[in-house]
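Trainee: Hi, could you walk me through this structure? I'm new to it.

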Amino acid sequence: MSTTIRSTPIGPLTLTASDEGITRVAFGAAPADTARSTEAGQWLEQASRELDEYFAGTRTAFTVPVDLRGVGAGQRAALDLLGAVGHGETTTYGRLAAQLARRGGPGSESWSSDVGPRRVGSAMARNPVPVLVPCHRVVGSNGDLTGYAGGLEIKRRLLELESPQAMLGSA
């Protein structure tokens with residue numbers, strides 16, 4: 001694994017990569033491993049470039065590969081649905097839970113229960129690659145900003161970056 005620290009408008013982000021792709025995006029600065037494999041270094045460079053473009057407002061989707069090894073099937077299914085939530089859009093935990101229940105697959109029967117939205121929230125809270133896999137686009141059923149690993153202020157700033165007009169009047 002190799003790491004690098006990127007300075008961004010929301011504070012430092014520590015990126016970790018394997019030879020397969022980005023494995024972790026952490027809020028804040030952590031010690032960076034300067035020993036890099038060629039493959040991991042390539043993914044760190046691509047992620048850094050794409051994050052710079054995203055924060056400059058010129059990128060709306062990330063193409064750098066993510067390596068989600070170690071992520072369980074239920075969490076991966078929830079994270080996979082985020083690909084359909086476009087830049088500047090939001091969805092709710094309940095909508096994602098309903099989509100997972102309709103979709104079927106590993107553990108799908110539990111998504112349709114009362115804990116479905118909470119399970120989605122738990123999956124988003126454990127997202128190893130926030131921003132790249134945009135869990136900040138998931139809001140409460142009433143549109144309120146709820147939980148985010150980087151804090152609600154960072155979630156609000158990311159949503160404002162993507163759609164300033166949509167955040168007007170929100171607190």
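Mentor: Happy to! Helices (H or I, at least four residues) and strands (E, at least two) are DSSP runs, numbered from the N terminus, and two strands pair if DSSP finds at least two bridges between them. This is a predicted model, where local features need pLDDT of at least 70, side-chain atom pairs count only at pLDDT 80 or more, and totals for chains, interfaces and linings use all residues. Residues are numbered from 1 along each chain as its sequence is written, and side-chain values use heavy atoms, with hydrogens and water left out.

Trainee: Over how many bridges do S2 and S3 pair?

Mentor: Strand S2, residues 13–17, pairs with S3 over 5 bridges, in the antiparallel sense. In one of them, Thr16 has Arg24 in S3 as its bridge partner.

Trainee: And in what order do the strands of the open sheet come?

Mentor: The order is S1-S2-S3, with antiparallel pairing. S1 (2–6) and S3 (22–27) are the edge strands, each pairing on one side only.

Trainee: Which strands does helix H1 lie across?

Mentor: H1, residues 38–56, lies across S1, S2 and S3 and runs at about 145° to S2. Axes here are lines fitted to C-alpha atoms, for helices over the stretch in contact (heavy atoms within 4.5 Å), and angles run from 0 to 180 degrees between N-to-C directions.

Trainee: New topic: how many helices and strands does the chain have?

Mentor: There are 6 helices and 5 strands. From the N terminus on, they run β-β-β-α-α-β-α-α-α-β-α.

Trainee: What share of the residues is buried?

Mentor: Of the 171 residues in the chain, 44% are buried, meaning under 20% relative accessible area with a 1.4 Å probe, protein chains only.

Notes
Buried means under 20% relative accessible area, exposed over 50%, partly exposed in between (1.4 Å probe, protein chains only).
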